[in-house]
Amino acid sequence: MTHLTDKHGRTITDLRIAVTDRCNYRCVYCRTGTDGPLYSDLPFSDYLRMARLFLELGIEKIRITGGEPLLRNGVVEFVRELSKLRTWRGIPPEVALTTNGHLLSGLAQPLKDAGLSRVTVSMDAVDPDRFARITRVSHGYESVLDGIRAARSAGLDPVKVNCVLVRGFNEDQVPAFGQFARQEGIVVRFIEFMPLEEDRVWSPATVVRLEEILARMAEFQPLVEIPRGASETALRYRFADGIGEIGIIAPVSHPFCGHCSRVRITSDGKIRTCLFSVWDHDLAELMRRGADDATVLQFIRGVVDRKEARHHIGEPGFVPASRTMVHIGG
Ligand code: SAM
């Protein structure tokens with residue numbers, strides 16, 4: 001077996017599969033305006049075949065995303081089927097899920113029982129009114145909190161919470177999130193806002209950068225940096241008193257493209273080699289035409305080999321991605 005690599009020498013081990021691009025939230029940093037076109041979902045059997053073939057090429061972790069993946073009926077069964085697959089080492093892949101958490105409370109235990117290893121819940125405020133202003137959904141906060149707690153009780157470990165910070169909306173929530181992480185026993189990860197939203201409201205001024213996040217958190221408690229693995233995207237910190245951990249994902253101010261290990265499949269079955277790709281590669285169409293496994297494997301290798309070297313956020317001449325985040329799968 002030769003690993004899936006690209007021409008820049010990176011080894012690709014992480015696959016993200018979006019199982020729908022529908023979402024029940026309209027977060028201000030994602031679904032900023034028009035709903036945008038919806039792409040069709042594929043039957044789960046198609047994603048399963050794709051996953052099996054990617055695993056043959058050295059993928060070790062699969063993350064289910066969207067859109068909102070828990071809107072899709074059959075997602076628990078999909079997790080069960082994914083967990084039966086094997087990596088090239090002959091072991092089950094690590095199967096994770098990213099969700100807004102709205103429907104998680106009733107699904108956490110069935111997902112865990114089906115083989116889910118980990119869950120990441122997006123939550124951008126620890127105050128119900130602020131949460132509603134960001135997600136543009138009223139009464140979502142309580143459902144998400146219930147979802148996070150249900151995930152912990154189900155034994156999904158660790159439960160991570162992703163918080164996208166957007167200037168003017170939630171940067172003052174940083175210390176409260178520190179408290180929340182410690183209280184709930186979860187890892188909160190702050191994410192810098194990227195230009196992947198629908199109506200292009202992003203500007204450098206809207207980004208709350210790593211240094212500012214650290215300074216805001218230091219007002220709550222001093223932090224100590226934790227050494228991180230080579231392909232980890234988050235900078236990790238623990239609180240100086242040893243209780244609680246946070247992370248910061250800083251693709252804008254501290255890009256990590258040089259050790260990116262990811263590739264994505266959109267809900268309509270296109271391969272995207274970078275969040276900021278300006279084109280994608282139609283794997284579903286190749287499969288519909290009846291391509292055998294060997295042909296599909298060759299196609300995947302060729303596409304991944306041409307993975308972009310890096311993103312160009314904030315540079316003159318930046319070309320926006322051909323899809324917005326909700327239609328890619330974050
Ligand atoms: N619906 C699920 C959720 O809310 O987690 C999964 C899909 S969502 C697109 C995946 C992740 O992308 C979420 O953590 C979300 O906060 C993040 N995200 C969306 N738009 C973003 C943007 N413009 N910049 C940074 N992160 C973004």
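Aromatic rings in a predicted model

Me: Which residues do ring pairs link into a cluster with Tyr25?
Reply: Rings of Phe, Tyr and Trp (its six-membered ring) pair if their centres lie within 6.5 Å, with planes under 30 degrees apart counted as stacked, over 60 as edge-to-face and the rest as tilted. This is a predicted model, in which local features need pLDDT of at least 70 and side-chain atom pairs count only at pLDDT 80 or more, while totals for chains, interfaces and linings use all residues. Residues are numbered from 1 along each chain as its sequence is written, and side-chain values use heavy atoms, with hydrogens and water left out. The residues that ring pairs link into a cluster with Tyr25 are Phe131 and Tyr141.

Me: How many aromatic pairs does the structure hold?
Reply: A pair of aromatic rings is described by the distance of the centres and the angle of the planes. The number of aromatic pairs in the structure is 9.

Me: What is the angle between the planes of Phe44 and Tyr47?
Reply: Both residues are buried (under 20% relative accessible area, where over 50% is exposed and in between is partly exposed, with a 1.4 Å probe and protein chains only), Phe44 at 16% and Tyr47 at 0%. The centres of Phe44 and Tyr47 are 6.2 Å apart and the pair is edge-to-face, with an angle between the planes of 65°.

Me: Which residue has its charged end over the ring of Phe239?
Reply: A charge sits over a ring if NZ of Lys or CZ of Arg is within 6 Å of the ring centre and within 35 degrees of the ring normal. At 5.2 Å from the centre of the Phe239 ring, the residue is Arg182.
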